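Dear colleague,

Please find the structure below, handed over for your own work. My notes on it follow.

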Amino acid sequence: MSLRLKFNIWMVAVLAIAIGVAGTMVHGVLHRSARDHAVETANLLMAVADATRAYTTEYIKPQLDQRLDIAFLPQTVPAFAATETIIALRKRLPEYTYKEATLNPTNPRDRASDWEADLVNTFRADWAPSQIVGERMQGPIPVLYVAKPIKITNPGCLACHSTPSAAPASMIKLYGEANGFAWKLDEIIGAQIVSVPLSTFDETATRIFAIVMGVLGLLALLVLGVGNLLIGKSEAGKAN
């Protein structure tokens with residue numbers, strides 16, 4: 001067996017193992033990073049929703065509450081404002097979703113589905129976490145979701161959600177008196193849930209992985225080429 005053949009066999013084996021190990025490590029790091037980026041994006045959307053809620057409570061609600069005797073304006077409700085803000089964002093990013101999933105909501109669109117109710121009940125448990133991060137299928141699309149509990153900490157909320165008789169008549173006229181009542185102070189009544197598509201972040205990780213593996217492949221070919229060139233020169237020198 002010639003020196004050139006031995007060199008190529010050993011180098012191909014070594015480079016294949018090295019590239020395989022490096023590829024496995026890089027793939028894992030990139031996809032973990034993609035998931036972390038998805039969580040960061042979901043938390044950013046959650047922060048936007050929280051900021052909208054706070055702004056509505058501080059600046060919008062006090063200005064419009066005086067009209068409650070005339071008509072109930074959903075725009076005064078922090079949950080409504082936050083949901084509408086993300087709905088507007090979804091015109092550009094339709095796969096990103098936000099919901100204030102509630103077990104007993106005033107607005108029917110906020111009613112928790114089965115899997116959302118499971119999250120709310122988890123937050124209501126004694127061992128409840130402060131945040132839940134998970135993955136699920138949203139139709140055909142895999143998504144990552146971040147959920148936080150909605151807890152009644154403001155006694156002012158009970159003015160509309162304690163009993164139908166205490167609620168503004170204009171709200172009863174709009175939503176009825178069957179839902180959204182019997183809430184209690186410090187009770188967890190729902191969960192804020194943000195979902196972001198994992199495919200967006202995984203595709204970025206896959207593109208970077210392909211580039212890295214391409215570079216490693218080119219370096220391997222360069223090593224083999226240089227090695228064969230040096231062996232060729234060595235063999236030529238011996239022949240002379």
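R136 stands opposite V143 in β3. The strands concerned, β2 and β3 (residues 141-151), pair in the antiparallel sense over seven bridges; pairing requires that DSSP find at least two bridges between two strands. Strands (E, at least two residues) and helices (H or I, at least four) are DSSP runs, numbered from the N terminus.

This is a predicted model, in which local features need pLDDT of at least 70, side-chain atom pairs count only at pLDDT 80 or more, and totals for chains, interfaces and linings use all residues. Residues are numbered from 1 along each chain as its sequence is written, and side-chain values use heavy atoms, with hydrogens and water left out.

The open sheet has four strands in the order β1-β4-β3-β2, with antiparallel pairing. Its edge strands, each pairing on one side only, are β1 (97-102) and β2 (132-138).

The largest nonpolar core has 19 residues, of which A38, A42, Y98, L144, V194, V196 and F201 touch the most other members. Such a core is a set of buried Ala, Val, Leu, Ile, Met, Phe, Trp, Tyr and Cys residues joined through side-chain atoms within 4.5 Å, where buried means under 20% relative accessible area (1.4 Å probe, protein chains only). At least two residues of this core come from each of α1 (3-64), α2 (78-89), β3, β4 (188-197) and α6 (198-239); α1 supplies the largest share, eight residues. Apart from this core lies another, of twelve residues, among them A112, A147, I188 and I193.

With kind regards

Note on methods:
Buried means under 20% relative accessible area, exposed over 50%, partly exposed in between (1.4 Å probe, protein chains only).
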